[in-house]
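I open this notebook to record what I looked up about a ligand and its surroundings. The entries follow in the order in which I made them.

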Amino acid sequence: MSRIPERTAVNVHWLVRLRWAQIAGQAGTVAVAHFVLGMSLPLAPLSALITVALVSNILIELRYVTGAAAQQRVVDDWQIAVIMALDISLLTGLLYLTGGPHNPFGLLYVVQIALAAVALRAMWTWTLVGFSFLGFGILLLGYRPLKMSPNLDTIGTWVAIGVASAFVVQFLLRITSALSQRDRELADARYLAARQERLASLATMAAGAAHELSTPLGTVALAAKELERALQNKERTVPAEELAADARLIREQVGRCRVILDQMAQGAGTVGEGLATCTVRELVDDILQGVRMRPAVEAQIASEAEDTLVRLPRVAVAQSLRSLVTNGQDAAVAAAPGEPPAVVVNVERRQGRLVIRIVDRGVGMPKDVLARIGEPFFTTKSPGQGMGLGMFLARAVIEGVGGSLSHESSAEKGTTARVELPVDATVPA
Ligand code: ADP
Ligand code: MG
């Protein structure tokens, strides 16, 4: 993006070129009028004015166009307006010395105004209109007269109209094409950025799906192994109901996989999922829906929070909170099995925000793990058990909806994950 110039930079670029042409034209006209047409002009003050234009243009060129720091330099509208005001002053000076209102090159005021209209905001353009008006007004008060035959006067008007038109057309055509080139580049850059964003959200979605699918698939693998072992056992000691229960579990978990894939196909659980309004109770039900049966999870929802409405990407947020619960279960399994429940989901409403704490009495985390939690692919679990994406995705989703996620942990007490979510602001407390 940084290579695409600002509109004002494009403008200043063309303004400098135009001024070179202007300066050459002024010098040429003065020379021809004086030396060829013999119109005895005051050469000293005229050269002084043209030199001011020349020096100012060298400075502008160095500062904004070719100089080492030119690319980084920001050109403001007012700076261009100041340059144009200088040109209008110089033009007024030149006209003052060469016949004032009778000089046909008074038309060049219009060129300045046309430039301003393209290059500047309306406010500056109107300011410059006023400035030109004032400049020409000053010429009415007094000027250095020019001895000119009527014939030469008409020819002068003819040349002035030609020059003014050529300037306006040349400049307008070049600047509009430079600006539309810039707009095209901008559109291309935007398109690329949008595509990159889509790719990134696709990658997050894939990672999220993989993370979500790993739990039911793990259960399926386990149940299938048990089933296989029982069926290989010649004595058939395992009762038929238990085999049927394993098969049912597999069917249920496969169904769960189907649901996850369906949600994925609808774009749910991704950055792009639409917002839905639901009660806190419904959200907690969503969380618990896909959670493993063991070790046990208990939900405690404060009565004032139960019917609170939240507006958020429901599937994605439920998925994120569920991965916090799953982590708690994993930690509880890793610790010595204690009294159920292993994980408590506690929900309260505090100062217009929803506070959800997921508390486990598991193994806890040492400081270095606590510091790295949420880094993508950071896991302390063995391959196949954890991918290290749960907290990374959960944080992205929760912070994406304006919430926050933090962990508190110790080896003795276990871990508390604390999530704060904004409450639907459109519903009164
Ligand atoms: P994964 O669960 O796939 O390993 P996560 O991003 O969910 O990935 O978690 C990253 C790591 O953070 C885990 O491997 C674990 O070491 C640690 N962790 C997260 N939650 C808990 C918890 N409740 N108790 C103990 N450790 C945790
Ligand atoms: Mg996890």
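I began with the polar contacts of ligand 1 (pairs of N or O atoms within 3.5 Å; within protein, one atom must be able to donate a hydrogen and the other to accept it, and residues adjacent in sequence count only if both atoms are side-chain atoms). I found a polar backbone atom of methionine 391 at 2.8 Å from an oxygen atom of ligand 1. Threonine 379 places a polar side-chain atom 2.6 Å from a ligand 1 oxygen. For asparagine 327, I noted a side-chain N or O atom 2.8 Å from an oxygen of the ligand.

I then looked up cover: the protein hides 94% of the 530 Å² of accessible area that ligand 1 has on its own (Shrake-Rupley method, 1.4 Å probe; for residues, only the protein chains shown count as cover).

I noted that this is a predicted model, in which local features need pLDDT of at least 70, side-chain atom pairs count only at pLDDT 80 or more, and totals for chains, interfaces and linings use all residues. Residues are numbered from 1 along each chain as its sequence is written, chains are lettered from A and ligands numbered from 1 in the order written, and side-chain values use heavy atoms, without hydrogens and water.

Next I listed the neighbours (a heavy atom within 4 Å). Of 19 residues around ligand 1, Asn327, Thr379, Thr380, Lys381 and Gly388 come nearest.

Finally, I looked up the domains, taken from an automatic or database assignment: domain 1 spans 6-148 and domain 2 spans 273-429. Their centres, over C-alpha atoms, are 68 Å apart.
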